[in-house]
Amino acid sequence: MSKDKLVIFDTTLRDGEQSPGASMTKDEKVRIAKMLEKMRVDVIEAGFAIASPGDFESVKAVADAVKDSTICSLARAVRPDIERAGEALKTANSGRIHTFIATSPIHMKYKLQMEPEQVLEQAVQAVTMARNLTDDVEFSLEDGSRTEPEFMYRIIEAVIKAGAGTINIPDTVGYGTPEEYGAIFNNVINHVPNADKAIFSTHCHNDLGLAVANSLAAVMNGVRQVECTINGLGERAGNASLEEVVMAVNTRKDFYPVESGIDTTHIVPTSRLVASVTGFPVQPNKAIVGANAFAHESGIHQDGVLKHRETYEIMKAEDVGWNTNKLVLGKHSGRAAVRARFEDLGITFESPDALNDAFKRFKELADKKHEIFDEDLQALVSDAEAESCAEIFSFESMEVSCKTGQKPVAQLTFLKHGDPVTTQSDGSGPVDAVFKAIEKVADSRSELELYSVNAITAGTEAQGDVTVRLARDGSIVNGVGADTDVVAASAKAYLHALNLLESGAKAHPQRDGV
Ligand code: KIV
Ligand code: ZN
């Protein structure tokens, strides 16, 4: 029996970025978007174009770089947002404007301070405006799962009539349960006279840990688009995780009436890239992409798997991209091989100079570390990008001395606005000493919210991938740095975070009362 297509709408770059501290630069967004395109994601929500000049540029850059997926920008149901989204998407092969307004009694009364009739009118106007800019318009009823059914039917009928091709009913606050949320779609599809003219979509938040279950319940009730994120990243407890939704549908073909077009072998590399760029590590027991997801520890399980894999394994690790981080390159690898491997990872170089720089960094790393894996190449590019956005501070060199029974001392040289500065401090440990030395010069008045170190690959030769999260005046940024020396990686990450702090905050789509 032929199955319906399940449209996979990835919002890692928009809702995922709304996780406090998960902000990404334009170049990082383009890299992730290219991986999503390789994975054959149908729609990539690249950002909220009006939020900041940086968001606008990111949506535009993704629209320029990605040609096989539809590129989408979020817009509140107001003219300036919709026009800005349309502008950012001008060069997209296929562009979608995603406009939304809150429809639940609590949001309309307290947040919007609008009557339901005004909300309905504004929704129709927004969709009409968006349709003048593109044929592909999605409308979302924010806080949809807590919206009165009769009002929901009326607004959906009206926006479909105005030209919305996709209708999204989000569980914005993660309050729904699978039975209840599924029933909402069943009722809408049965009560809205023109429901057959649109594709229905889910967008679930994970506050009760039900985002994936709710999304799949909706699929069983007629939904044909799921909005999700890599690693379940997203506002508060996150969104439905792309890898879990896709693998549930793939693994239980016997049960679900849909199929996605996703190339699942890119899942693990993309998960790693998102974790490294955002500094949100994946928990080891996370389904599909956690380090233990396919590890059989107990003797009984191991015995069973060796005798017949399907006794305990319902999916193959290689089908989701585990083991594809093959040993790629080493000290003697040539430029063409290095370039080809970068390209396999979706990383291209705009100029011969950019390739030369990447090759030089590769050689430096290969001198310190014999085996270079895909993750090392990703980290190398992240590091280069962090340096290229170094508007104020950039790392030069450091010397740290540690002796049992004595306080470590760090002496560091970095550039401030292009001029070398040398600074020194002691600290409770070498990293503390480095951060204190930097702060003596930077005086950022920021709070250190997170310091995390992860080994990029196995073994003691591995590069340390450091994330430093700093907060100041409501802005939260994540700096990243990688190096085989974790103290140097920490210094780079701290300086990167300071640069990002200076580049300013942006608007949040669900906080403004529109
Ligand atoms: O959670 C939500 O309701 C959203 C909408 C803007 C789609 O993110
Ligand atoms: Zn959301």
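Predicted model: local features only at pLDDT ≥ 70, side-chain atom pairs only at ≥ 80, totals over all residues.
1. The domain bounds used in this note come from an automatic or database domain assignment. On that basis the protein chain divides into domain 1 (4-278), domain 2 (294-323), domain 3 (335-372) and domain 4 (387-502), and the C-alpha centres of domain 2 and domain 4 lie 40 Å apart.

2. On overall form, the protein chain contains 16 helices and 16 strands. Its radius of gyration is 24 Å, close to the 24 Å that the globule rule gives for 514 residues, so the chain is as compact as a globular protein of that length. Along the principal axes, the C-alpha trace spans about 75 × 60 × 45 Å.

3. On burial and surface, 55% of the 514 residues of the protein chain count as buried, while the accessible surface comes to about 22100 Å², with 50% of that area belonging to carbon and sulfur atoms. As for contacts between residues at least 6 apart in sequence, 67% of them join residues that are at least 24 apart.

4. The metal site deserves a separate look. The zinc ion (ligand 2) is coordinated by Asp15 through OD and by His203 and His205 through NE2, at 2.0 to 2.1 Å, and along the chain these donors follow the spacing D-x187-H-x1-H. Distant parts of the chain are linked here, since Asp15 sits in the loop between strand 2 (7-10) and helix 1 (26-38), whereas His205 sits in the loop between strand 8 (199-204) and helix 8 (211-219), 190 residues apart. Both Asp15 and His205 are buried.

5. The largest nonpolar core has 97 residues, of which Phe139, Ile155, Ile156, Ile167, Ile169, Val188 and Phe200 touch the most other members. Helix 6 (residues 149-162) gives the largest share of this core, nine residues, and at least three residues are drawn from each of domain 1 (4-278) and domain 2 (294-323). Apart from this core lies another, of 25 residues, among them Ile392, Phe414, Val431 and Ala442.

6. Not counting residues up to four places away in sequence, Ile169 touches Leu141, Gly144, Ser145, Met152, Ile156, Tyr181, Ile184, Phe185, Val188, Ser201 and His203. One of these contacts, His203, is also a donor to the zinc ion (ligand 2), and two others, Ile156 and Val188, are among the residues that touch the most other members of the largest nonpolar core.

How values were computed:
Residues numbered from 1 in each chain as written. Chains lettered and ligands numbered in written order. Heavy atoms only, no water. Donors = N, O, S within 2.8 Å, 3.2 Å for Na, K, Ca; no water. Helix = DSSP H or I, 4+ residues; strand = E, 2+ residues; numbered from the N terminus. Buried < 20%, exposed > 50% of the residue type's maximum accessible area, 1.4 Å probe, protein only. Core = buried A, V, L, I, M, F, W, Y, C linked by side-chain atoms within 4.5 Å. Contact = heavy atoms within 4.5 Å. Rg over C-alpha atoms; globule rule 2.2 N^0.38 Å. Areas by Shrake-Rupley, 256 points an atom, 1.4 Å probe, with all protein chains shown as cover.
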